[in-house]
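Biologist: I have some questions about how the terms are applied here. Take me through them one at a time.

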Amino acid sequence: MTTVHERDRPLVDDEFRSGLRRFLTEHHPGRGPKDPAARLAWRKAWLATLFDAGYAGPSWPRAHGGMALNFTQQVIYQEEYARARVPGPLGTGLGIAAPTIIRYGSPAQRDRYLRPMLRGDAVWAQGYSELDAGSDLSALRTTARRVGDEYVVSGQKVWTSAADIADILFTLVRTGPPGSRRHGITYLLVDAHAPGVTVRPLRDLTGDASFCEVFLDDVRVPVADRVGEENGGWPLVRTSLGHERAAGAMNQAARYRRVLDELVELARERGRTADPLVRDRLADLATRVRIMQYTGMRTISDIIERGEPGPASSIARLFVVTVEQDLHEFAVDLLGSHGLLGRDDPHAVQRGRWVWGFLRTRASTIGAGTAEIQRDTIAEKVLGLPRDPGMPTDTTGDPAG
């Protein structure tokens, strides 16, 4: 099998698209098992298949196992990946921790962590949010006290996506004195299986437990697993959050192009496509999904040109979450009384997927930085408007997780 990395000449875009589509079709992993442990193994096997064939990490440098695709081919990759309906990344490391380690990590950290992360051999989860440090991330209280060549970490994180399956937690801790805010924050990589780490799943509106709370009780972390300097974690936060929003924008744009087609089919099944109001809302959503794609493309372009997504990534993030909420609200409207039925009800339309999506997207304007924080960032950093005097000077949008 000829892989991307075996080619000695740049791929023509059409050739790249057809080759990627053929690979995803021929190696499609099929329907995943329902058992959680079996499903995790199934997803890991798929990520390993991608990596081994040279089809993992479209934006990653080749030196770390990625594809180093140009702008156009990154867009093609996301489009084809969404079209194929294959499993996505595990955990939150690929789009958030990886860019941070690539830029700020030591050579030893890059060699140790990046390839296993990309191949799916190690699952990463983000430990940022705390009970009293959500959008005001610089108020976090989890402490790390240095003892010789180790830090002793104590505290609690919450809304941590995928912590229940994680091997590594990329975590923000306070190494400075109380009140030091952003000047006393350090970025640590914590072994999720280390003594003192306790993970407790949190059930949400959908009935699922995709978020967790994490308790850290005198967890020992080698100083070698600190990324950047002690008390110098704040610039790393900015990199992490910007790349999270950039990756989410492009991935969501590609996926919602397909979801919109399925919504049109739902309207057809419900006999509503002749209704001019329904047609108007579908046209509006189609326009906004196209804009979603363009804002995601702009963010990717900024990363390729400047190495960072910049504050404009907040535009993409805010636009994505409002579209996905509006789309699912409309879907529930189309369902009528069936919109009251959950996934476990035998009479639920399409096994309750639209109702589940409606419930899940209630949190969209909270995760990855609240909508309010995104609007503040856009106003101040993009439009140049005066800063909100009610906001701390070092606040940043903290993702749920």
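Biologist: Which residue in β7 is the bridge partner of Q156?

Modeller: F215 is the bridge partner of Q156 in β7. Keep in mind that this is a predicted model: local features need pLDDT of at least 70, side-chain atom pairs count only at pLDDT 80 or more, and totals for chains, interfaces and linings use all residues. Residues are numbered from 1 along each chain as its sequence is written, and side-chain values use heavy atoms, with hydrogens and water left out.

Biologist: What makes β3 and β7 a pair?

Modeller: Two strands pair if DSSP finds at least two bridges between them. Seven bridges join β3 to β7 (residues 211–222). So the two strands pair. They run antiparallel.

Biologist: How do you know that β2 and β3 pair?

Modeller: By the count of bridges. β2 (residues 143–147) and β3 (residues 150–157) share five bridges, in the antiparallel sense. The hairpin of β2 and β3 has two residues between the strands, and G148 takes a positive phi near 65 degrees.

Biologist: How many helices and strands does the chain have?

Modeller: There are 10 helices and eight strands. Helices (H or I, at least four residues) and strands (E, at least two) are DSSP runs, numbered from the N terminus.

Biologist: Why is R288 called buried?

Modeller: Buried means under 20% relative accessible area (1.4 Å probe, protein chains only). R288 has 16%, so R288 is buried. R288 sits in helix α7 (residues 276–306). Across the chain, buried residues make up 49% of the 401 residues.

Biologist: What does R288 touch, not counting residues up to four places away in sequence?

Modeller: R288 touches F319, T322, V323 and D326 on that count. Contact means heavy atoms within 4.5 Å.

Biologist: How many cavities of 30 Å³ or more does a search of the whole structure find?

Modeller: The search finds two. A cavity is a set of points, on a 1 Å grid over the protein atoms alone, where a 1.4 Å probe fits but cannot get out. The largest cavity has a volume of about 50 Å³, a volume being the space filled by probe spheres set on the points, which are joined across faces, edges and corners.

Biologist: Which residues line the largest cavity?

Modeller: L47, P89, L90, G93, L94, M117, A122, V123 and W124 do. Lining residues have an atom within 4 Å of a point.

Biologist: What classes make up that lining?

Modeller: Eight residues are nonpolar, one is polar and none is charged. Ala, Val, Leu, Ile, Met, Phe, Trp, Tyr, Cys and Pro count as nonpolar, Asp, Glu, Lys and Arg as charged, and the others, Gly among them, as polar.

Note on methods:
Buried < 20%, exposed > 50% of the residue type's maximum accessible area, 1.4 Å probe, protein only. 1 Å grid on protein atoms, 1.4 Å probe; cavity = no way out; pocket = protein on both sides within 12 Å on 5 of 7 lines; lining within 4 Å.
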